[in-house]
Amino acid sequence: MGWYYYMTDNLEFPVDVTVRFNLRGGAIEVKPGQIVDIDPKSERGSAIRLGIAEPGSERVQYIGPEELASADTTPENLDILNDWLYWHNFDLL
């Protein structure tokens, strides 16, 4: 629950990112997107889910922060995302 409040209280939305999507057959597709929110269900569980919208789309898809490939954002936003990645043993952005 602490990560949820840390991110919702401190991230400045939207955050421009690129996302790695795992496709069937093991292929990976990298697409641009924006973090637009944090899934409210993340408050109740141990997993953080970021709301990602593709450019020009209203549709939001929820992913784990570990699926981010890069972020073009403020140093503060980058620190927040990297804090989560570091503490969960994922590569930093």
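## A buried methionine

M7 is buried, with a relative accessible area of 0%. The model described here is a predicted one. M7 lies in helix α1, which covers residues 2-10.

Beyond its neighbours within four places in sequence, M7 touches I38, I48, L50, I80 and W84. The C-alpha atom of M7 is 11 Å from that of I35, although 28 residues separate the two along the chain.

## Helix α2

Helix α2 spans residues 75-87. Its 13 residues reach 18 Å from the first C-alpha to the last, close to the 18 Å expected at 1.5 Å a residue. After α2 comes N89, which has a positive phi, near 60°.

Six names make up the buried set of α2: N77, I80, L81, N82, W84 and L85. I80 and W84 from this set are also contacts of M7.

M7, at 0%, falls on the buried side, where the limit is under 20%.

Y86 also belongs to a nonpolar surface patch, which it makes together with W87 and L92. The area of this patch is about 410 Å².

Definitions and conventions:
Residues numbered from 1 in each chain as written. Predicted model: local features only at pLDDT ≥ 70, side-chain atom pairs only at ≥ 80, totals over all residues. Heavy atoms only, no water. Helix = DSSP H or I, 4+ residues; strand = E, 2+ residues; numbered from the N terminus. Buried < 20%, exposed > 50% of the residue type's maximum accessible area, 1.4 Å probe, protein only. Contact = heavy atoms within 4.5 Å. Patch = residues over 30% accessible without salt bridge, like charges linked within 9 Å, V, L, I, M, F, W, Y side chains within 5 Å. Areas by Shrake-Rupley, 256 points an atom, 1.4 Å probe, with all protein chains shown as cover. Salt bridge = Lys/Arg side-chain N within 4 Å of Asp/Glu carboxyl O. Expected span 1.5 Å × (residues − 1).
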